[in-house]
Amino acid sequence: MSTLARSTPRPGLLARTARAVRGEWSRLTAIPARELRAHGLSAIPLTMCTVLLTLGFWFAWRTAWGGDVVRALGGVSAGIPLPLALLRTPVSLFVPAPDLPVWGALIQVLVLFGLAELDLGARRTLVIAYVATLCGTLAARVMVGLGPDHLLGIDARHGDILDTGPSAAVVGLVVCIAMVRRAPILLAGVWLLMIAEVVVKPNLAGREHIAAMTGVTLCTGAYLAWQRRRTPRTRPSPTADRRARPRETTRLP
C-alpha cells in the first residue's frame, strides 16, 4: 500500500511579505553598503556638496542681503516668466523652503541622494533630481494656468508661492531606485503615501510631488525598456554547469 507524501505547508501571508521585504532590502542596500565600506564619505561627493549648498542657502535666507541673492539665483514660482523659471530651476533644487525646518531637508538629501549616488552614480543622480524638479516646476505652472475650475487646476494665488527645495528630487530618486532595483513594495508605498498627502492636504507641494514622480516613472521605464532591448539574449550552453551560483548585484553601467 502506497502512502501519500505529506505536502509542505505553504508559507503564510506574513512570512511571504517578510521574505519579499528582506529581498528588497538586500537589493537596495547591497551596492551602497559595499561602496560606503570601501570608500567612506568620499564615495558620495555629490551628496556632500548638496548638503553643504542646502545648508549654505538656508543660512543666506536669514541674512539681510542673502535673501535677495538666494531669490535672484534660485527663487522659482509659477508666476514668474518661464525662461527665468527654467534658468533658476537647477539652483532651486538646493534652496530649502524658508518656512520649513532645514534639518528635515538635510536628512532627506543625505539619505536619499547618498543612496542614489552610491547605487546609480553621481551623474545619473543629478539628472534624475533635475528631471523631477523640472517636472514639478512645469506642472505648477500648468495647474495655475488651468485655474480652480478645472479638476487639475489650482487658484492663481499659488503662482506667487516660492517653489524651491529638494523634496521633489528626493521622491523622484526613490521612485527611480525602486524601479531599477525591482522593489515594488517600496514603489507602491511611496506612491500611496504621496497620493494620501494630496488627498489629506491638497496643496501645491503635494501635487508637484505627484508630477515629479510621474515624470521620473516615465523616464526610468523608457530607459529600462531601451536597456532590455539593447541587451542581447544568449542561450546557455547545454554543457554549462547547471549548479546555481549566487547572483551578484551590479552597479548600473
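Predicted model: local features only at pLDDT ≥ 70, side-chain atom pairs only at ≥ 80, totals over all residues.
**Pocket**

I read its space as about 870 Å³. I then listed the lining, which comes to 32 residues. Ala 97, Leu 100, Thr 164, Ser 167 and Ala 205 lie nearest the centre of the largest pocket. Next I asked which helices each supply at least two residues of that lining. I noted helix 5 (102–120), helix 6, helix 7, helix 8 (184–200) and helix 9.

**Fold**

I stepped back to the whole chain. I counted nine helices and zero strands. I wrote the order from the N terminus as α-α-α-α-α-α-α-α-α. I also looked up burial: 39% of the 253 residues in the protein chain are buried.

**Salt bridges**

I turned to charged pairs. Side chains of opposite charge can pair when their charged atoms come close. The count here is two salt bridges.

I took Asp 119 and Arg 181 to begin with. Their closest N and O atoms are 2.9 Å apart. This pair links distant parts of the chain, 62 residues apart. Asp 119 sits in helix 5, and Arg 181 sits in the loop between helix 7 and helix 8. Are the two partners buried or exposed? I found Asp 119 at 0% relative accessibility, so I logged Asp 119 as buried. Arg 181 is at 8%, under the 20% limit, so Arg 181 also counts as buried.

Then I checked Arg 157 with Asp 155. The closest N and O atoms of this salt bridge are 3.8 Å apart. The cut-off for a salt bridge is 4 Å, so I kept the pair. Arg 157 has a relative accessible area of 58%, which means exposed. Asp 155 has 32%, so I logged Asp 155 as partly exposed.

**Aromatic rings**

I went through the rings next. A pair of aromatic rings is described by the distance of the centres and the angle of the planes. I found three aromatic pairs in the structure.

For Trp 58 and Phe 59 I noted ring centres 5.1 Å apart and planes at 65°. What is this pair called? I filed it as edge-to-face, because planes over 60 degrees apart get that label. Trp 58 is buried, at 15% relative accessibility. Phe 59 is partly exposed, with a relative accessible area of 47%.

I noted Tyr 223 and Trp 226 as a tilted pair, with 5.9 Å centre to centre and 40° between the planes. Tyr 223 has a relative accessible area of 26% and is partly exposed. Trp 226, at 38% relative accessibility, is partly exposed.

I then looked for clusters. Trp 58, Phe 59 and Trp 103 form one aromatic cluster.

**Surface patch**

I looked for nonpolar surface. Val 142, Leu 146, Leu 151 and Leu 152 make a nonpolar surface patch of about 420 Å². Where does Leu 151 sit? I placed Leu 151 in the loop between helix 6 (122–146) and helix 7 (167–180). Leu 151 is at 76% relative accessibility, over the 50% limit, so I marked Leu 151 as exposed.

**Contacts across the sequence**

I ended with two C-alpha distances.

Gly 23 is in helix 1 (residues 13–39). I asked how many residues separate Gly 23 from Arg 182 in sequence. The separation is 159 residues, with 9.7 Å in space, C-alpha to C-alpha. Gly 23 is partly exposed, at 23% relative accessibility.

Thr 89 lies in helix 4 (residues 82–92). I logged Thr 89 as buried, at 0% relative accessibility. Thr 89 and Leu 134 are 45 residues apart in sequence. In space I read 6.7 Å for Thr 89 and Leu 134, C-alpha to C-alpha.

Technical notes:
Residues numbered from 1 in each chain as written. Heavy atoms only, no water. Patch = residues over 30% accessible without salt bridge, like charges linked within 9 Å, V, L, I, M, F, W, Y side chains within 5 Å. Areas by Shrake-Rupley, 256 points an atom, 1.4 Å probe, with all protein chains shown as cover. Salt bridge = Lys/Arg side-chain N within 4 Å of Asp/Glu carboxyl O. Helix = DSSP H or I, 4+ residues; strand = E, 2+ residues; numbered from the N terminus. Buried < 20%, exposed > 50% of the residue type's maximum accessible area, 1.4 Å probe, protein only. Phe/Tyr/Trp six-rings, centres within 6.5 Å; stacked < 30°, edge-to-face > 60°. 1 Å grid on protein atoms, 1.4 Å probe; cavity = no way out; pocket = protein on both sides within 12 Å on 5 of 7 lines; lining within 4 Å. Points joined across faces, edges and corners; volume = space filled by probe spheres on them.
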